[in-house]
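Visitor: I would like to learn how to read side-chain features from a model. Please take me through them one at a time.

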Amino acid sequence: MKKLLLATVLLSFSFLSAQEGLTPVSFDKVTLTGNFWSDRMQIQKEVLIPVAFERTQEAVNDLRLTGEFLKMIIRIMSYYKF
């Protein structure tokens with residue numbers, strides 16, 4: 001048990017000292033290279049984003065139509081107030 005506790009403490013100290021050399025970087029300064037991330041970023045750019053825009057376009061059109069309908073209702077209601 002003592003050995004496990006000692007190993008945990010030593011491991012945590014070594015982890016903390018390794019983090020001390022790290023410095024925060026702004027998101028726009030980061031570039032992803034390598035096959036793993038570049039492949040996924042390319043798929044998102046070519047497939048995921050266009051599909052997301054396509055699927056949300058119908059909802060945007062529905063919201064526009066709803067807004068026009070509500071404007072018409074408000075005009076009718078304001079007409080009958082007077």
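Guide: This is a predicted model. Start at one ring: R40 sits over the face of F36, 3.9 Å from the ring centre.

Visitor: How many aromatic pairs does the structure hold?

Guide: One aromatic pair is present. Its members are F36 and W37, arranged edge-to-face.

Visitor: How is such a pair described?

Guide: Two values describe a pair of aromatic rings: how far apart the centres are, and the angle of the planes. For F36 and W37 the centres are 4.9 Å apart and the planes make an angle of 85°. An angle over 60 degrees counts as edge-to-face, so the pair of F36 and W37 takes that label.

Visitor: Are F36 and W37 buried or partly exposed?

Guide: F36 is partly exposed, because its relative accessible area is 48%. W37 has 45% and is therefore partly exposed. Both values fall between the limits of 20% and 50%.

Visitor: Which residues make the nonpolar surface patch?

Guide: The patch consists of V25, V30, L32, F36, W37 and M41, and covers about 600 Å². V25 is located in the loop between α1 (2-19) and α2. With 54% relative accessibility, V25 counts as exposed, because the cut-off for exposed is over 50%. L32 is also placed in the loop between α1 and α2, but at 45% relative accessibility it counts as partly exposed.

Visitor: What is L32 in contact with, leaving aside its neighbours within four places in sequence?

Guide: With those neighbours set aside, L32 contacts W37 and M41. W37 and M41 are also listed in the nonpolar patch.

Visitor: Now the charges. How many salt bridges does the count give?

Guide: Side chains of opposite charge can pair when their charged atoms come close. Here the count is one salt bridge. K71 forms it with E68, and the closest N and O atoms are 3.6 Å apart. The cut-off is 4 Å, so the K71 and E68 pair qualifies.

Visitor: Where do K71 and E68 lie?

Guide: Both are in helix α2 (residues 35-81), three residues apart, or about one turn of the helix. K71 has 46% relative accessibility and so counts as partly exposed. For E68 the value is 48%, which means that E68 is partly exposed.

Visitor: How many helices and strands does the chain have?

Guide: There are two helices and zero strands.

Visitor: What part of the chain do buried residues make up?

Guide: Of the 82 residues in the chain, 0% are buried. The accessible surface of the chain is about 8500 Å², with 68% of that area belonging to carbon and sulfur atoms.

Terms used: Residues numbered from 1 in each chain as written. Predicted model: local features only at pLDDT ≥ 70, side-chain atom pairs only at ≥ 80, totals over all residues. Heavy atoms only, no water. Salt bridge = Lys/Arg side-chain N within 4 Å of Asp/Glu carboxyl O. Helix = DSSP H or I, 4+ residues; strand = E, 2+ residues; numbered from the N terminus. Buried < 20%, exposed > 50% of the residue type's maximum accessible area, 1.4 Å probe, protein only. Patch = residues over 30% accessible without salt bridge, like charges linked within 9 Å, V, L, I, M, F, W, Y side chains within 5 Å. Areas by Shrake-Rupley, 256 points an atom, 1.4 Å probe, with all protein chains shown as cover. Phe/Tyr/Trp six-rings, centres within 6.5 Å; stacked < 30°, edge-to-face > 60°. Lys NZ or Arg CZ within 6 Å of the ring centre and 35° of its normal. Contact = heavy atoms within 4.5 Å.
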